[in-house]
Amino acid sequence: MRILLGIVALAIYSGLTFYLGWNFRAWLLSIQQFRWPIIYWTVLFLVSYGYFIGKLHPLFTPFSVLGSYWMFFLQYGLFLCIIANLIIKFTPLTTKMVGTGVVGLLVVLLIAGTYFAYSPVVRNATINIDKPGDDMRIVMASDFHLGLLSGKGHLEKFVELSNEQNPDLVLLPGDIVDDSPKRFVEKGMGEVMKNLKATYGVYGVLGNHEYYGNEIPEFKKEMAEANVKILMDETILVANRFYLTGREDVTNKNRLALKEMQPEKANLPWFVMNHTPLDLDEPARLGVDLHVSGHTHRGQMWPNHLITERTFELDYGLLKKEQLHALVSSGFGFWGPPTRIGSRSELWVIDVKFSE
């Protein structure tokens, strides 16, 4: 059954690729620039499967880059080609005119999306917790996907922005690396991560992509050397001030229930990191004060947020539920194409106010 579904998916994907290629070919013909059809179609299909080809061997890494950008052109190209075909059919406008407009719009979207992906912003939130304690500041950022396209330079921006906030605590709720930590190591990103400053330290959890990479021991080792403590289904007491729980991602079907990690002292603040924000009822019921997540990317590229909004109770932003403050970030990095349309790379600064 899986083989059959795979064949069907492959056929649909190839058909969509052909549809895009046919439309682009029609525009090239209209401006008299179409040449060498065999080379054209070969290159097109190699690029469309580039993301998968690039995983076969390090020598094929350029295909991974092309394949990542292809995801952008696939989504917006399909949308615009359908509209363009209707315009050409029902109006006197020519293929040359409409096609040039579509190509120009794609270029503008690519430039804007690249800017929004690589130019992170700082978001601010203030929460009030009805427990005794001294006010504190938390920096939270998720979904870096550090690797090929979200690299050392992007991480340096995060460290600089985070340190400017003078945080007491830094939380990294998952998808810190893009599957494998190899490029994190090769590019010396650990040395950059070491520069993060926080009174009570830097903590992270696993996301689904750390599981996809299947190199969790190596990932934990590299994070430890970069002064990031990865919590895996465990609750720790930090400086006798607050409890911090790091959950395994839902990808791990054997992860513990949150109740099994509930702290002993209910009078101290309880913070939870959980990469995927699937269930907010459980932390609200158990008395969690702050629950931070990522994973959704806020859809990353419009209109994908319409899907994440219907998949998660909270797919982005801050939600108050009983005493629980839940916060979901769109992420500091990106997955696939290094573009964001309708979302922005970001880190959150959470100012926590206590009753005493």
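Let's start with an open sheet of 6 strands, ordered E6-E7-E8-E9-E11-E10 with mixed pairing. Strands here are DSSP runs of E with at least two residues, helices are runs of H or I with at least four, and both are numbered from the N terminus. Two strands pair if DSSP finds at least two bridges between them. Strands E6 (234–238) and E10 (317–321) stand at the edges with a single partner strand each, so one side of each has no neighbour in the sheet. On average, neighbouring strands are turned by 20° against each other, direction ignored, using axes fitted to C-alpha atoms.

This is a predicted model, where local features need pLDDT of at least 70, side-chain atom pairs count only at pLDDT 80 or more, and totals for chains, interfaces and linings use all residues. Residues are numbered from 1 along each chain as its sequence is written, and side-chain values use heavy atoms, leaving out hydrogens and water.

Inside the sheet, E7 and E8 run parallel, joined by 4 bridges.

Now for the nonpolar cores: sets of buried Ala, Val, Leu, Ile, Met, Phe, Trp, Tyr and Cys residues joined through side-chain atoms within 4.5 Å, with buried meaning under 20% relative accessible area (1.4 Å probe, protein chains only).

| Core | Size | Some members |
|---|---|---|
| Largest | 29 residues | Leu 155, Phe 158, Met 193 |
| Another | 26 residues | Ile 129, Met 136, Phe 354 |

Leaving aside neighbours within four places in sequence, Met 193 is in contact with residues including Leu 146, Phe 184 and Val 228, contact being heavy atoms within 4.5 Å.

Methods: Axes are lines fitted to C-alpha atoms, for helices over the stretch in contact, and angles run from 0 to 180 degrees between N-to-C directions. Buried means under 20% relative accessible area, exposed over 50%, partly exposed in between (1.4 Å probe, protein chains only).
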